[in-house]
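Subject: Handover of a structure, with findings

Dear colleague,

Please find the sequence and the structure below. An account of what was found follows directly after them.

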Amino acid sequence: MSNEEPKDLLIIGIGNSGRSDDGLGWLMLDALRKQFNGVDFLYRYQLQIEDAELLSHYPTVIFVDATKEPMKNGFFFKPCHPNNGLGLTSHMLEPETILWLENQLYETKPATFVLGIEGKKWGLSPEPSEIGLSNLSMARDFLEKNINLILARKTPCIL
């Protein structure tokens with residue numbers, strides 16, 4: 001992030017690169033930064049209530065995070081819907097809670113999506129699993145196409 005005017009798209013990678021597949025969100029940002037100049041990227045260990053204000057400056061936001069949830073394609077991409085503040089008092093805030101807070105306080109209501117990448121290994125290690133890397137690769141190909149659609153002001157594909 002910089003002091004420049006915000007771009008049309010913010011992608012927030014959530015995770016911890018020191019905990020194996022928990023770092024898949026950050027690895028996605030590392031790969032995309034090299035390709036897309038017209039996008040802002042933000043790395044987070046976890047979401048914070050202050051992120052609601054940040055969302056209000058963008059028409060479109062994508063959250064990218066690893067998940068333990070098994071998936072047929074190794075990843076999912078879906079719209080993010082506000083959750084009425086559920087979990088607001090927790091130390092671990094979900095994208096749906098941050099979006100709800102943004103809607104309540106700033107009312108800009110950005111188009112918001114969540115990309116979940118299935119991981120298998122969660123221990124202390126900077127090395128992701130082979131399955132996590134394979135899922136990351138498939139998710140990256142899918143997300144690159146959606147970023148191009150968003151930047152062209154078209155509707156992204158949902159899985």
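A nonpolar core, as the term is used here, is a set of buried Ala, Val, Leu, Ile, Met, Phe, Trp, Tyr and Cys residues joined through side-chain atoms within 4.5 Å. The model is a predicted one. The largest core of this kind holds 23 residues, and those that touch the most other members are Ile-11, Met-28, Ile-62, Leu-115 and Leu-143. Two or more residues each come from β1, α1, β3, β4, β5 and α4. The greatest contribution is that of α4, which supplies six residues. There is also a second, separate core of 20 residues, with Ile-14, Leu-42, Phe-63 and Ile-98 included in it. In general, nonpolar side chains tend to be buried together in soluble globular proteins.

Confidence

The average pLDDT of the protein is 93, and 97% of the residues score at least 70. Among the elements, the mean pLDDT is lowest for α3, at 95, and highest for β5, at 98.

The sheet

The strands may be taken next. Five of them form an open sheet with mixed pairing, in the order β2-β1-β3-β5-β4. At the edges are β2 (40-44) and β4 (75-79), each of which pairs on one side only. On average, neighbouring strands of this sheet are turned by 15° against each other, direction ignored.

Strand β1 pairs with β3 in parallel through six bridges, and Leu-10 has Val-61 of β3 opposite it. With β2, strand β1 also pairs in the parallel sense, over five bridges; here Ile-11 is opposite Phe-41 of β2. Strand β3 (residues 60-67) runs parallel to β5 and is joined to it by eight bridges. Leu-115 in β5 stands opposite Val-64.

How many residues of β1 are buried? Six of the six are, so this strand is largely enclosed by the rest of the structure. Leu-9, Ile-11 and Gly-13 point one way from β1, while Leu-10, Ile-12 and Ile-14 point the other way.

Helix α1 lies across β1, β2, β3 and β5, and runs at about 155° to β2. Together, β1, α1 and β2 make a right-handed β-α-β unit. Met-28, already named as a member of the largest core, is in contact with Val-64, Leu-115, Ile-117, Leu-136, Ala-139, Arg-140 and Leu-143, leaving aside its neighbours within four places in sequence.

Helix α4 (residues 130-151) lies across β1, β3, β4 and β5, at about 160° to β5. One of the residues in helix α4 is Asn-146. Is Asn-146 buried or exposed? Its relative accessible area is 1%, so Asn-146 is buried. Apart from neighbours within four places in sequence, the contacts of Asn-146 are Phe-77, Pro-156 and Cys-157.

Most residues other than glycine have a negative phi. Ser-20 has a positive phi of about 55°, although it is not a glycine. The residue lies in the loop between β1 (9-14) and α1 (24-33). Ser-20 counts as buried because its relative accessibility is 2%, and the cut-off for buried is under 20%.

Lys-109, another residue that is not glycine, also has a positive phi, near 50°. Its place is in the loop between α3 (95-105) and β5 (111-118). Lys-109 counts as exposed, because its relative accessibility is 54% and the cut-off for exposed is over 50%.

Gly-38 is found in the loop between α1 and β2. With a relative accessibility of 38%, Gly-38 counts as partly exposed. Gly-38 and Leu-9 are 29 residues apart in sequence, and their C-alpha atoms are 7.6 Å apart in space. Not counting residues up to four places away in sequence, Gly-38 touches Lys-7, Asp-8 and Leu-151.

With kind regards

Terms used. Residues numbered from 1 in each chain as written. Predicted model: local features only at pLDDT ≥ 70, side-chain atom pairs only at ≥ 80, totals over all residues. Heavy atoms only, no water. Helix = DSSP H or I, 4+ residues; strand = E, 2+ residues; numbered from the N terminus. Buried < 20%, exposed > 50% of the residue type's maximum accessible area, 1.4 Å probe, protein only. pLDDT = per-residue confidence, 0-100. Pairing = 2+ DSSP bridges. Axes fitted to C-alpha atoms, helices over the stretch in contact; angles between N-to-C directions. Contact = heavy atoms within 4.5 Å. Right-handed = clockwise from strand over helix to strand, strands pointing away.
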